Amino acid sequence: MGVDQLRVGLVGTGPWATTVHAPGLADHPGTALTAVWSRRPEAAQSLAQAYDAVPTDDLDELFSQVDALAFAVPPSVQAEIATRAAEAGKHLILEKPVAADLAGAERLADAVTKAGVASLVMLTLRFSQQTRDWLDGVTRAGAWRGGGARWLSGALLGGRYATSAWRQDPAGGALADIGPHAFDLLDAALGPITDVLAARRSADDLWQLMLEHEGGVTSTAALSLRLPVQPTVVEFSVYGDHGFRTLGRTGTANDAYTALLDDFAAMVSCGTTTHPCDVRRGVHLAWVVDRARAVAR
């Protein structure tokens with residue numbers, strides 16, 4: 001481990017932890033994967049051994065060995081452990097949604113603010129350089145009148161995430177899993193989302209939404225993880241006085257995670273706790289999800 005590297009513990013041992021978090025933390029010059037936590041000791045042992053890290057199923061032991069934690073667990077588990085970790089002074093790399101509900105997200109954000117620790121939410125699209133360039137151009141142009149997002153996938157029909165219990169649960173599904181990505185990018189492009197004007201969820205978890213943004217701009221979103229679409233459709237658009245601009249799926253999750261770690265290491269080094277994708281962003285996105293559920297009822 002390098003002298004200036006952050007000691008990071010990984011909470012979770014599932015597919016996302018093993019394919020994105022673990023290799024990213026181990027390979028980045030600013031971080032070292034030093035511990036792995038799981039409620040299944042054999043899983044923690046297996047992943048930790050691959051990276052010369054320490055396995056544990058004890059949270060106090062985990063906290064004592066790290067400067068920061070990265071999470072790859074269900075939202076309810078993340079919110080519980082991350083709140084305790086913040087109270088223990090640990091910096092946080094969070095997955096979306098940051099909690100299972102708005103109240104949990106707010107408790108977590110309060111703990112992060114009180115502790116003065118750094119936090120980032122793994123909003124994969126936002127850390128892509130192509131997305132950053134697109135948003136820079138959109139922001140400079142301005143005068144947009146509307147926009148939309150389509151994220152249509154068959155991820156819950158088969159594959160490595162199809163057995164994810166929280167994604168299969170009606171309280172999770174497309175709105176909780178991919179909704180934060182869609183709302184985050186629409187919000188960044190068109191201005192803060194201030195209301196959900198309409199929301200409809202079909203029996204097979206296809207969500208259709210209309211969003212209102214600051215200044216009266218509106219956007220729409222169509223979200224599904226249960227459509228037999230190959231490849232997955234990920235499209236964003238804005239339109240207005242400067243025409244029509246679109247953005248598709250950009251880069252890889254591993255590249256985005258490296259960019260996130262660049263920002264995270266810099267935040268900790270400089271003592272900065274604010275970022276466009278920090279835990280407060282997670283709270284805002286949790287509010288949009290919560291509002292969409294209420295409107296759909």
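Is D184 buried or exposed? With 2% relative accessibility, D184 counts as buried, because the cut-off for buried is under 20%. The close-ups below all come from a predicted model.

**View 1. D184 sits in helix α9 and pairs up with R126.** Helix α9 covers residues 179-190, and D184 is part of that run. Follow the side chain of D184 and you get to the side chain of R126, with a polar contact of 2.7 Å between the two. R126 also turns up in the list of residues that D184 touches once neighbours within four places in sequence are set aside; the others in that list are L123, R281 and L285.

**View 2. Six strands make up an open, mixed sheet.** Read across the sheet and the strands come in the order β8-β9-β10-β7-β11-β12. Strands β8 (193-201) and β12 (243-248) are at the edges with a single partner strand each, so one side of each has no neighbour in the sheet. On average, neighbouring strands here are turned by 15° against each other, ignoring direction.

**View 3. Strands β7 and β10 run parallel.** Here we zoom in on one pairing from that sheet. Seven bridges link β7, residues 144-152, with β10, residues 218-224. To pick out one of them, look for G147, whose bridge partner in β10 is S219.

**View 4. Two helices lie across strands of the sheet.** Helix α6 (residues 129-141) lies across β7, β11 (233-240) and β12, and its angle to β12 is about 165°. Helix α11 (residues 279-296) lies across β8 and β9 (207-213), at about 45° to β8.

**View 5. Y239 and F244 form a stacked pair of rings.** The count of aromatic pairs comes to one. The ring centres of Y239 and F244 are 6.4 Å apart and the planes meet at 10°, so this pair counts as stacked. What about their surroundings? Y239 is partly exposed, at 37% relative accessible area, while F244 is exposed, at 55%.

**View 6. H275 is a buried loop residue.** Look for H275 in the loop between α10 (253-270) and α11. Its relative accessible area is 18%, so H275 is buried. The side chain of H275 has a polar contact of 3.0 Å with the side chain of D263, and it also reaches the backbone nitrogen of C277 at 2.9 Å. Leaving out neighbours within four places in sequence, H275 is in contact with L120, F127, D263 and M267.

Conventions. Residues numbered from 1 in each chain as written. Predicted model: local features only at pLDDT ≥ 70, side-chain atom pairs only at ≥ 80, totals over all residues. Heavy atoms only, no water. Helix = DSSP H or I, 4+ residues; strand = E, 2+ residues; numbered from the N terminus. Buried < 20%, exposed > 50% of the residue type's maximum accessible area, 1.4 Å probe, protein only. Polar contact = N/O pair within 3.5 Å; in protein donor to acceptor, adjacent residues only side chain to side chain. Contact = heavy atoms within 4.5 Å. Pairing = 2+ DSSP bridges. Axes fitted to C-alpha atoms, helices over the stretch in contact; angles between N-to-C directions. Phe/Tyr/Trp six-rings, centres within 6.5 Å; stacked < 30°, edge-to-face > 60°.
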